[in-house]
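Please open the model in your viewer and keep the sequence panel beside it. The stops below say what to select next and what is to be found there.

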Amino acid sequence: EPLSVEEKNGEIEIIWKEEPPHKSIFPVSWLLNHAYDPSPQQPEEQKILWDRAWLDAHPPKKYDIHSCPEDVWMSQLFTLGFTVLKNINPDNLDDFISSIGPIHATEYGRFGELKAMPNSTDIGQSLTGHALALHTDRCHVHEPRLVQVLYCVDNNASGGESLLVDGFRIATDFHQNHQDYFQILAKTPLQFQDFDPMRGYFFSRKTPILELDWEGKVAGIYFSRKTCNWNIPFDELEAFYEAYSAFCRYLKDPIYEYRFRLEPGDCLLAQNFRIIHGRTAYDPLSGHRHLRWATIAWDYINARQNFEMLKHLYLMEN
Ligand SMILES: [Fe+2]
């Protein structure tokens with residue numbers, strides 16, 4: 001309980017009714033920076049839920065790593081869920097990624113290679129250059145939300161274009177038009193599995209395709225036919241497949257698709273929990289297609305952004 005409150009010289013001075021009384025002095029600027037309404041603690045999330053028409057009207061560019069300020073391409077990663085940088089030397093890739101956040105190692109190590117390999121059992125590395133249907137990565141592992149980093153070492157084969165869709169945009173439209181199906185995909189857990197005899201792992205994780213946050217908004221999308229084990233109870237199957245096939249029709253609809261070509265030195269960063277990705281088929285006999293990939297926990301990128309936006313408040317106090 002204050003005995004007195006007085007403002008002078010840009011400060012509020014309060015004498016507290018205590019034995020003995022004590023005095024607090026708060027700079028007005030500090031109080032305003034820490035006001036509860038509106039909360040200054042977290043920057044507003046700014047997302048643009050895009051489709052092809054939106055991208056046609058606002059074509060994303062590839063940002064030159066040597067001249068583009070980090071906050072510019074980073075801002076696109078937050079708004080659109082992906083960004084593409086160009087002119088990265090392969091020798092500098094590790095340093096570049098590590099400058100954003102620590103590389104999140106997987107069973108493949110800090111980096112994985114995506115290229116045609118003889119005898120590979122992974123469709124992404126087959127000698128036939130198959131198309132890769134839209135999917136999100138690593139649905140079968142309990143991991144933090146990740147940013148997928150796809151670096152193009154070489155790409156002179158015919159075909160092999162990259163495909164992206166905004167999973168949050170699709171989920172929003174899907175919810176608007178099919179609320180019942182949306183609920184089914186948000187509430188039916190699926191078993192995602194990956195049996196890896198070479199390294200001796202059998203990963204398994206249960207999650208619905210649509211993960212909701214505490215407000216009921218879509219926070220993550222888990223979509224991978226390759227690793228999904230359809231273990232749905234028989235009496236739920238019919239309704240589930242109706243919902244699932246309706247969702248697939250949205251995914252396949254070209255009105256949502258962004259198609260582009262990664263050139264050597266390009267690096268795609270995409271939120272794996274939002275952006276669903278794939279590639280068109282390519283002809284491995286016509287040339288090489290070699291991508292190198294890594295992942296970073298989204299928390300680090302989010303934390304970097306928060307730091308840049310809020311450091312003036314905290315550094316001022318120290
Ligand atoms: Fe993938």
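Domain bounds come from an automatic or database domain assignment, and on that basis the protein chain is divided into domain 1 (2-41) and domain 2 (52-307). This is a predicted model, in which local features need pLDDT of at least 70 and side-chain atom pairs count only at pLDDT 80 or more, while totals for chains, interfaces and linings use all residues. Residues are numbered from 1 along each chain as its sequence is written, and side-chain values use heavy atoms, with hydrogens and water left out.

**The whole chain**

Begin with the C-alpha trace of the protein chain, which spans about 80 × 55 × 45 Å along its principal axes. If you colour domain 1 and domain 2 separately, their centres, taken over C-alpha atoms, are separated by 49 Å. A cartoon view brings up 8 helices and 20 strands; helices (H or I, at least four residues) and strands (E, at least two) are DSSP runs, numbered from the N terminus. Of the 318 residues in the protein chain, 44% are buried, where buried means under 20% relative accessible area, exposed over 50%, and partly exposed in between (1.4 Å probe, protein chains only).

Select N9 next, in the loop between strand 1 (2-8) and strand 2. Its phi is near 50 degrees, a positive value in a residue other than glycine, and N9 is exposed, with a relative accessible area of 78%. Then move to P20, in the loop between strand 2 (11-16) and strand 3 (22-27), where the peptide bond from E19 to P20 is cis, with omega near -10 degrees.

**The iron site**

Which protein atoms are the donors of the iron ion? They are H135 (NE2), D137 (OD) and H277 (NE2), lying 2.2 Å from the iron ion; donors are N, O and S atoms within 2.8 Å of the metal (3.2 Å for Na, K and Ca), and water is not among the atoms, so sites may look incomplete. D137 lies in the loop between strand 7 (132-135) and strand 8 (146-155) and H277 in strand 18 (residues 275-279), so this pair ties together parts that are 140 residues apart in sequence. D137 counts as buried at 19% relative accessibility, and H277 is buried too, with a relative accessible area of 12%.

**A buried strand residue**

Now select A270 in strand 17 (residues 267-271), a buried residue with a relative accessible area of 7%. Leaving aside neighbours within four places in sequence, A270 is in contact with several residues, including L77, F82 and I275, contact meaning heavy atoms within 4.5 Å.

**A pair of helices**

Finish with helix 5 (residues 167-177) and helix 7 (residues 234-252), which pack at an angle of about 130 degrees with their axes 10 Å apart; axes are lines fitted to C-alpha atoms, for helices over the stretch in contact, and angles run from 0 to 180 degrees between N-to-C directions. Helix 5 and helix 7 are therefore oblique to each other, since angles under 35 degrees count as roughly parallel, over 145 as roughly antiparallel, 65 to 115 as roughly perpendicular and the rest as oblique. To see where they meet, show I170, D173, F174 and N177 in helix 5 together with A243, A246, F247, Y250 and L251 in helix 7.
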